[in-house]
Amino acid sequence: MSTDVAVKKVSVTIDDKKVEVTPDKTVFQAAVEAGIFVPHYCYHPDLSIAGVCRMCLVEVDNAPKLQISCNTPVRDGMVVRTSSDKARQAQKGSLELHLINHPVDCPICDKAGECKLQDFYREFGLYKSRVELEDKVHKPKAKDIGTIVLDAERCILCTRCTRFTHEVTHTDELVIVNRGNRSELKTYDDGPLRNDYTGNLADICPVGALTARDFRFQQRVWFLEKKNSVCTMCARGCNTTVSVNPKTKKLYRVEPRRNPEVNKSWICDTGRWRYHYVYGESRLRTPEKISDGRVLESTWHQAFGEMKRALEDPSGIVIGLSTQLTNEEILELVLSFKESGVKHFVRIVDEQVIEERSPWDGVLKHRDHTPNAEGFARMFSMMNTKFLDCAGLAALVGEGNLRHAWFFGLEGEDVSWASRFVEALPEGVSLTLHATSRLPIWERAQWLLPAASAFEKSGTMVNALGRLQRLQAAIPRVSLARDGHAVAFGVQRGADRDAAPEARHVDLFEKLIAAPLLGREQVWKKLDPMGVALKERS
């Protein structure tokens, strides 16, 4: 018998629109649920309420004066007007106060196109300034505080950033000193920021006071297109937005996408800025064959031909699959190699940390630096297939029948956890590695095959919380990089004469994965962008 008690809702009328909300909501939150926009600077859904910007002033019936909607609780029968003449005039006055000492440097500000001062001035302001440029109060500009550049002169003292370092990272580096128009944002010791989530400060700053050094002056935001995806740097699977210039097809920025069930509005600096390996010098761009210590550029055609010939005796082959692969890639590769007679599959992951379900830092970061260990286990269970761990691989090597090891889907420049699996192989075993980057730990390999990065492929993954989420390609594959689907297709044919089918991940998800995982049919394009919580694995 359920013990849940239904919470009685209250009825509120906002701009002549009735909305029913729970009594713990504020007027601002009720307006959001009603689809009514109220201008604001200091309010943020994942931070405490400060009520300092005064931009969200609204008119409430029977109240003697205007109220800040972000900190005014709803009550049954309440009538609110967010755009009355009185409310609009107050919003305009608050905006003028924020802009009174603001520098006129919009053309060179990196926040242009995303600045709420610009947006609100156009909508609520359009007045002539009553302060001459030479009379404005000046403060320090372009101060480097680590990964972030601080322009105190642009700061409107909304306190989002100070609340973030106090409430989320618990590091308290940012403070506001002095009073009145001399109030200034700074780090308490004038030193750099000291947390792993600094990029979020640039996201939550509503103006150009805090900008990310990595993205600063790289692109104007109106040149970029955004695509929803998920971070693949650890098992958390934080929801992200990836920004790409559609003309150059180049990736410029990774930002968090709000998902209250996974990452709220945050992402760690690793997930935000470690995408540069996609274009790095170590990136594998063509198949390479290593012979007598020499690296020779080769072709997929030659690689597929050799692999196909090796499959004539599948008993001497072991397939290693990284938990960085998507569910669809894992399924395709396993089914394809099983059809060819291969019986041994190895899970490549840091086995000491994959059972951890909570972030080690108390915020978001997991010790498992792969995104799909949970999905890997579910795919093998679904296929009724067993996989080996590193000890199992060593035991297989000890039997003396192994001749070829093919490891697939190793991504990025920080995959030291995979070295144990490489070291488990004796010199007599030929090693083929499908990876994004050329690393010292791969020197043992006879073949290096360029893998598509997480930004260049689509599919689904299951994070450490047991949530099925959708990964979406944002950029074309670099050079000759290929995903697991294209590799399985080529090995089956032993040649590279035919193009692999497009959107293979969609077919596999809809036909083989959706029903077993979700208990229902599911169209790929209509999969909830916030992901779907799966039942616990038995």
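Which class does Phe-223 fall into, buried, exposed or partly exposed, and at what relative accessibility?

Analyst: Phe-223 counts as partly exposed, at 45% relative accessibility. The classes are buried (under 20% relative accessible area), exposed (over 50%) and partly exposed in between, with a 1.4 Å probe and protein chains only.

The model is predicted, so local features need pLDDT of at least 70 and side-chain atom pairs pLDDT 80 or more, while totals for chains, interfaces and linings use all residues. Numbering runs from 1 along each chain as its sequence is written, and side-chain values use heavy atoms, without hydrogens or water.

Across the whole structure, the search finds 13 aromatic pairs (Phe, Tyr or six-membered Trp rings, centres within 6.5 Å; stacked under 30 degrees between planes, edge-to-face over 60, tilted otherwise). Tyr-41 and Phe-120 make a tilted one, with 5.1 Å between centres and 50° between planes. They sit 79 residues apart, linking distant parts of the chain. Tyr-41 belongs to the loop between helix H1 (27-33) and strand E3 (57-60), and Phe-120 to helix H3 (DSSP runs numbered from the N terminus, helices H or I of at least four residues, strands E of at least two). Tyr-41 is buried because its relative accessible area is 0%. Phe-120 has 3%, so Phe-120 is buried too. The ring of Phe-223 pairs edge-to-face with Trp-222, at 6.2 Å between centres and 65° between planes.

Back to Tyr-41. Beyond four places in sequence, its contacts (heavy atoms within 4.5 Å) include Met-55, Leu-95, His-98, Leu-117, Phe-120, Ile-156 and Pro-206. Tyr-41 also stands out in the largest nonpolar core, of 52 residues (buried Ala, Val, Leu, Ile, Met, Phe, Trp, Tyr and Cys joined through side-chain atoms within 4.5 Å). Tyr-41, Leu-210 and Phe-455 touch the most other members there. Among the elements that each supply at least two residues are helix H2 (85-99), helix H3 (116-125), strand E10 (210-212) and strand E12 (239-245). A second core is separate and holds 41 residues, including Leu-325, Ile-330, Met-379 and Leu-508.

Elsewhere, four rings form one aromatic cluster: Phe-345, Phe-376, Phe-380 and Phe-387. Arg-493 lies over Phe-489, 3.5 Å from the ring centre. Over Trp-524 sits the charged end of Arg-470, at 5.6 Å from the centre.

Notes. A charge sits over a ring if NZ of Lys or CZ of Arg is within 6 Å of the ring centre and within 35 degrees of the ring normal.
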